[in-house]
Amino acid sequence: MLKNRILVVEDDAGIADGIAVNLQYSGYDCRVFSDGRETANALMADHSYDLALLDIMLPGLDGFALLPFMRQYDIPVIYLTAKRDAPSEIKGLVEGAEDYITKPFDALTLLVRVEKVLRRCGKLDRVLRAGDILIDLENHRVTRGDAEINLKPMEFELLALLARHKNRTILRDRLLNEIWGADFFGDTHTVDVHIATLRKKLNAADLIKTVPKYGYRLEEK
């Protein structure tokens with residue numbers, strides 16, 4: 001199964017390394033550049049990217065100047081920038097960026113936004129794997145080994161989110177917000193009930209771990 005390939009253009013080495021580690025940890029392949037002109041030149045030889053994460057204030061060419069190159073090769077763009085002013089955000093979105101995230105940002109927020117853009121653009125991997133569990137995102141079908149597991153819609157979405165972020169502990173509140181939405185009238189007990197059901201249906205107590213007083217993690221060694 002091919003991994004989604006993501007281009008990261010960020011001149012702060014610490015931030016770039018952090019983004020790359022989180023992307024790779026979540027199953028993405030990525031390449032990092034620190035200079036806008038170097039990035040534009042490199043795209044002529046290799047432009048097989050599913051998404052680009054661009055800083056705006058870059059040496060060589062800034063992120064706004066890089067956007068036409070990305071559009072030429074049909075690469076969706078998310079801006080990651082310290083520019084928090086409304087005109088910059090409007091400029092980025094009007095000119096064609098899919099999203100605009102200001103620094104500092106939470107790693108999980110970035111990963112969720114990356115997934116949403118890939119899905120919206122039809123570039124997201126259509127099958128996730130966690131151990132011997134296969135999650136077919138397009139057909140909403142889950143199998144473990146040779147057995148098909150029938151999951152309700154929220155159970156499926158919860159499992160897919162955990163699988164997208166394997167080996168990463170996710171807060172109960174975050175799971176509730178991402179799956180049921182910020183306007184959901186309920187509490188985190190809803191998450192606990194769905195996790196218990198997933199474990200039972202998938203026989204997955206060995207995979208879905210509880211982190212006491214925090215959240216859950218789908219663990220794949």
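Contact here means heavy atoms within 4.5 Å. This is a predicted model, where local features need pLDDT of at least 70, side-chain atom pairs count only at pLDDT 80 or more, and totals for chains, interfaces and linings use all residues. Numbering runs from 1 along each chain as its sequence is written, and side-chain values use heavy atoms, with hydrogens and water left out.

Let's start inside. I135 touches R126, V127, L128, R141, V142, F156, L159, A160 and A163, leaving aside residues up to four places away in sequence. I135 is also among the residues with the most contacts inside the largest nonpolar core. A nonpolar core is a set of buried Ala, Val, Leu, Ile, Met, Phe, Trp, Tyr and Cys residues joined through side-chain atoms within 4.5 Å, and buried means under 20% relative accessible area (1.4 Å probe, protein chains only).

| Core | Residues in it | Members include |
|---|---|---|
| Largest | 49 residues | I6, L23, L53, V114, I135, V142 and L162 |
| Second, separate | 21 residues | I56, F64, A97 and Y100 |

Now for E10: is this residue buried or exposed? E10 counts as buried because its relative accessibility is 3%. Its contacts include F33, D55 and K103, again skipping residues up to four places away in sequence. A polar atom of the E10 side chain lies 2.9 Å from the backbone nitrogen of D12.

Zooming out, 47% of the 221 residues of the protein count as buried. The C-alpha atoms fill a box of roughly 55 × 35 × 30 Å, taken along the principal axes. Of the contacts with a separation of 6 or more, 59% come from residues 24 or more positions apart.

Conventions
Buried means under 20% relative accessible area, exposed over 50%, partly exposed in between (1.4 Å probe, protein chains only). A polar contact is a pair of N or O atoms within 3.5 Å; within protein, one must be able to donate a hydrogen and the other to accept it, and residues adjacent in sequence count only if both atoms are side-chain atoms.
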